[in-house]
Amino acid sequence: MAVLTFPSSLHNPLPQLLRPEEGRLRHELKALCGAQELAILRSRLTGLMAADSHADENGRYRVRSLYFDDMDNTCMRENEAGVDDRRKYRLRLYNGSADRITLEIKSKVKGLTGKRGCALTREQCELLMRGRPPALAEGTAPELRRLCLLMRTRRMRPAVIVEYERTVFLAGAGNVRVTLDENIGGTSRVDRFLNSRLSLFPVLPPGQHILEVKYDGFLPDVIADTLQLGRLSRTSFSKYYLCRTNAPLTRPTY
């Protein structure tokens with residue numbers, strides 16, 4: 001198994017040809033890790049990096065996303081093929097609460113990831129869950145306009161829900177964000193997105209979890225060294241793709 005490696009902080013600048021409509025483009029690296037590696041990483045990162053202020057007393061919170069796809073399953077097929085210039089459209093909430101709902105467009109451009117988003121009302125969310133574009137008014141966020149256009153022209157519809165428990169560590173230098181994602185599961189019951197609790201199917205074997213490392217122009221050596229366990233290998237893991245391919249009734253109903 002290949003050792004988990006990170007690009008040199010001095011030789012890994014962000015490319016100059018960035019697209020403002022994709023949001024800030026960042027490096028994003030992923031690795032599969034077992035329960036033992038997860039415990040070691042959590043112990044090492046505690047104190048070295050700051051915890052997320054939104055986490056509970058155990059340092060975790062639940063992330064839930066409702067992903068969309070079009071009539072040709074373009075998002076899923078592009079993910080499978082490894083298309084470098086692609087986008088995913090999702091609604092997101094935290095800890096099963098509908099108090100804060102966002103629409104996010106996540107991009108993959110030249111090996112980097114970007115994310116743009118906007119807040120949604122519960123009424124807008126409920127319409128989108130049913131595959132109906134909400135009414136657009138002056139001042140409507142461009143992200144919502146973009147999704148609504150695809151819903152009308154490409155029959156973009158809700159496809160699958162992905163949920164997991166996340167622990168986040170933050171560092172100012174390099175704008176680094178390290179996340180440990182556990183208990184990843186999904187469901188094709190997209191109509192239950194706003195329920196406080198969901199019945200989910202697991203998408204990884206027991207004891208397998210995901211490490212994600214996001215940063216801007218450089219990753220400080222002290223963090224790269226801390227993450228190096230010698231038993232991890234980088235992966236192109238996609239929670240969305242794995243949930244789509246493992247869920248019953250994975251194709252959206254039109």
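Modeller: Here are some notes on a threonine, the nonpolar cores and the salt bridges. This is a predicted model, where local features need pLDDT of at least 70, side-chain atom pairs count only at pLDDT 80 or more, and totals for chains, interfaces and linings use all residues. Residues are numbered from 1 along each chain as its sequence is written, and side-chain values use heavy atoms, with hydrogens and water left out.

Biologist: Where does T74 sit, in which helix?

Modeller: T74 is in helix α2, residues 74-81. Helices are DSSP runs of H or I with at least four residues, strands are E runs of at least two, and both are numbered from the N terminus.

Biologist: Is T74 buried or exposed?

Modeller: T74 is buried because its relative accessibility is 18%. Buried means under 20% relative accessible area, exposed over 50%, partly exposed in between (1.4 Å probe, protein chains only).

Biologist: Which residues is T74 in contact with, leaving aside neighbours within four places in sequence?

Modeller: D69 and R154. Contact means heavy atoms within 4.5 Å.

Biologist: OK, the largest nonpolar core. Which residues touch the most other members?

Modeller: L66, F68, L91, L120, L128, L147 and F193, out of 24 residues. Such a core is a set of buried Ala, Val, Leu, Ile, Met, Phe, Trp, Tyr and Cys residues joined through side-chain atoms within 4.5 Å.

Biologist: Which element gives the most to this core?

Modeller: α4, with 5 residues.

Biologist: And what does L147 touch?

Modeller: Not counting residues up to four places away in sequence, L147 touches F68, Y89, L103, L128 and M156. There is also a second, separate core of 21 residues, which includes A31, C33, L45 and L232.

Biologist: Switching topic. How many salt bridges?

Modeller: The count is 23. A salt bridge is a side-chain nitrogen of Lys or Arg within 4 Å of a carboxyl oxygen of Asp or Glu.

Biologist: What about E163 and R64?

Modeller: Their side chains form a salt bridge at 2.5 Å, N to O. E163 is in strand β7 and R64 in strand β3, 99 residues apart. Both E163 and R64 are buried.

Biologist: D69 came up with T74. What is its salt-bridge partner?

Modeller: R244, at 3.0 Å, N to O. D69 lies in strand β3 and R244 in helix α6, so the pair ties together parts 175 residues apart in sequence. D69 and R244 are buried.
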